[in-house]
Amino acid sequence: MEVNGVSLWVEDFGDPADPAILLIHGAGESLLAWDDAFVRRLVAGGRRVIRYDSRDAGRSTTYPAGSPGYTLRDLVADAVGVLDALGVRTAHLVGMSQGSAVAQLVALDHPERTASLTLASSSPGGPGHENPDLPGMSPALQDFFTEEAPAPDWTDRDAVIAYLVASERPFAAASRPFAEEVRRANAGRVVDRAADIAAQLSNPFLIDPGQPWRHRLGRIAVPALVFHGAEDPLFPVEHGQALAAEIPGARFVAMPATGHEVFPEAQWDLVVPALLAHTAA
């Protein structure tokens with residue numbers, strides 16, 4: 001699909017007459033972050049579900065690794081552009097991590113396109129913006145970044161898969177067993193689908209986030225639901241609580257045994273009913 005001068009891979013599920021949910025993945029991920037079975041449960045609940053690869057993700061337009069030719073605001077315009085291309089007037093936005101930042105800005109800058117917000121694993125404002133009143137990342141995650149392994153040979157599939165799995169481990173909940181074989185299988189699908197896996201795992205973290213917008217969150221006027229992992233090592237749970245507190249009327253839901261990760265299957269019985277109820281209006 002051509003959107004704002006770039007090609008974005010978009011997948012559309014369910015009855016077009018049903019309320020639309022737009023899933024916006026995080027940095028370094030692709031639409032595969034939203035598990036097929038998770039999508040099917042939303043569709044079975046009477047929702048039209050749209051997921052897409054952002055720039056530098058999956059099968060969408062890529063830029064040279066280390067040189068992203070876009071900003072966070074371009075990703076915001078892309079989310080709206082996907083809705084335009086599909087003829088969707090308003091959608092329920094579901095964003096994870098960087099995708100949550102995109103969703104916050106769509107709600108602020110394009111409120112007429114936003115039916116509701118669901119924000120997961122996020123913080124008030126966006127990536128690259130400091131929130132000194134909130135706790136920083138865990139010491140273990142700080143150590144991981146300090147001692148981070150060098151990038152693999154991007155042409156070596158096995159090495160890239162191993163790198164992906166090792167990179168996910170410190171973000172997962174410590175209280176839940178790390179499902180390495182499942183993660184390895186998922187990483188293989190991610191690598192095999194990526195037009196440029198080096199760009200996918202680097203460029204989204206380098207983009208300009210633009211001006212902070214935490215001070216604008218009180219202007220969001222749509223229903224908001226905030227999920228947050230109780231063991232998130234990147235954004236401790238206080239970030240999610242603060243985000244919910246700053247959006248008028250927002251509801252906060254803590255996910256036990258969850259780190260900085262897209263809704264684990266063990267939490268679907270919590271997340272899916274809450275999400276369906278939130279998007280029913």
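Is Ser 116 buried or exposed, and what is its relative accessible area? In this predicted model, Ser 116 is buried, with a relative accessible area of 1%, where buried denotes under 20% relative accessible area, exposed over 50% and partly exposed the range in between, for a 1.4 Å probe and protein chains only. Local features were taken at pLDDT of at least 70 and side-chain atom pairs at pLDDT 80 or more, whereas totals for chains, interfaces and linings use all residues. Residues are numbered from 1 along each chain as its sequence is written, and side-chain values use heavy atoms, without hydrogens and water.

Ser 116 is found in strand 7, strands (E, at least two residues) and helices (H or I, at least four) being DSSP runs numbered from the N terminus. An open sheet of 7 strands has the order 3-5-4-6-7-8-9, with mixed pairing, two strands being paired if DSSP finds at least two bridges between them. Strand 3 (10-13) and strand 9 (251-255) stand at the edges with a single partner strand each, so one side of each lacks a neighbour in the sheet. Strand 4 (residues 20-24) and strand 6 (residues 91-96) run parallel and are joined by 4 bridges, with Ile 21 opposite His 92 in strand 6.

Leaving aside neighbours within four places in sequence, Ser 116 is in contact (heavy atoms within 4.5 Å) with residues including Ala 91, His 92, Leu 93 and His 278. The side chains of Ser 116 and His 92 are joined by a polar contact of 2.7 Å, that is, a pair of N or O atoms within 3.5 Å, of which, within protein, one must be able to donate a hydrogen and the other to accept it, residues adjacent in sequence counting only if both atoms are side-chain atoms.
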